[in-house]
Amino acid sequence: MEYQGINNWEGLLDPLDDTLRSEILRYGQFVEAAYRSFDFDTSSPTFGSCKFSKNSLLTRSCIRETGYKPIKNLRATCGIQLPGWIDRGPSWVSTQSSWVGYVAVCQDKEEIARLGRRDVVVAFRGTATCLEWLENLRATLTSLLDDVPNVDSNGGGAMVESGFLSLYTSGNASCPSLQSMVREEIGRVLEAYGDEPLSLTITGHSLGAALATLAAYDINSNFGNAPPVTVISFGGPRVGNQSFRCQLEKRGTKILRIVNSDDLITKVPGFVIENNDMAVNVAGLTSWVQKRVEEAQLVYADLGQELRLSSKECPHLSKGGVASCHELSTYLELVNGFVGSNCPVRATAKRVLGEHHRKKTGTFVVCR
């Protein structure tokens, strides 16, 4: 359970524990399967759907044997009201509901024994449709509309990014909301396996990381008997404010954010203000800027624990562009190669540690 964050990954992130590395990469493969299963072909009549049947999703997406069985396909719906003329354009432009991920349950006895529990994975892909991009741009914070109190000790309410909340809670006549699908399926899982040790691991990349965070909050808010809920997010944008972070912590939700320092998506939307001061200090304008940002509902907070990586520290990734810094494959490669803050990646660890120890002790240490 330490690898699920029961102790907030204390002592496991720097240097990166090898078992934790393997677990992060394992969950990253579930997100990769979500990308590979999505129909990106805008000329296809099935654009926006899952290319594979539910039962064959993991095998046909060509990831390694997992021991997990997909039990539910998930769809997200854009809540933006479209003008009538949009229907005259290509159908892919106005696709409102699309396949966004899946729920899978561990069924392999050896894997259950290794983990010490039956694990349930909820995996989300990142942004793929035009309307999802539009939702991403709705950067102002909005209050959570739920049926549980979400006010912190300072009297502030939990707020999250408007577009992400819209994608999570919107539905239409032909497709229920992602929120209702998640709640329904988690309810079924708890009914079926509630008498044995369980864990819920929610993982996603980019937009999927934001949806994973909202789903984790929703599950812990609405299921009093929920098992431990952990979020493993890759390249996720900011999601909510300080009160939202407090509510997540209060409910015991564990979040591990994998962040590439060179990825712009992890630095948006809005601003992070800590201890009543701007994270980026603007000389002479700090209080004025902070007031304007607060009035615009753009004050966010970083959530959970962070594993910070950098493309610049990896020789063959350092020359990549802005887009490559955000790709899931980049994140998985960085996790695979990361050693610690003093030895950024395995490929350069020998050189970095060698220089450090020659200066300190005159000895040479190799980091595997």
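Predicted model: local features only at pLDDT ≥ 70, side-chain atom pairs only at ≥ 80, totals over all residues.
Two packed helices are described by the angle between their axes and the distance between the axes. For our pair, helix α7 covers residues 207-222 and helix α8 covers residues 242-250. Their axes are 10 Å apart, and the packing angle is about 55°. If you look at the handedness, the crossing of α7 and α8 is left-handed.

Who does the touching? From α7 we have Thr213, Leu214 and Tyr217, and from α8 we have Phe244, Gln247 and Leu248. Sorted by class, that contact holds four nonpolar residues and two polar ones, with no charged residues.

Now let's move to another spot, histidine 326. You'll find histidine 326 in helix α10, which spans residues 322-326. Is histidine 326 buried or exposed? Its relative accessible area is 14%, and the cut-off for buried is under 20%, so histidine 326 counts as buried.

What does its side chain meet? Another, at 2.7 Å, links the side chain of histidine 326 with that of aspartate 263. Setting aside neighbours within four places in sequence, the residues in contact with histidine 326 are His205, Ser206, Gly235, Asp263, Ile265 and Tyr331.

Note on methods
Residues numbered from 1 in each chain as written. Heavy atoms only, no water. Axes fitted to C-alpha atoms, helices over the stretch in contact; angles between N-to-C directions. Helix = DSSP H or I, 4+ residues; strand = E, 2+ residues; numbered from the N terminus. Left-handed = near helix turned anticlockwise from the far one by under 90°. Contact = heavy atoms within 4.5 Å. Nonpolar A, V, L, I, M, F, W, Y, C, P; charged D, E, K, R; others polar. Buried < 20%, exposed > 50% of the residue type's maximum accessible area, 1.4 Å probe, protein only. Polar contact = N/O pair within 3.5 Å; in protein donor to acceptor, adjacent residues only side chain to side chain.
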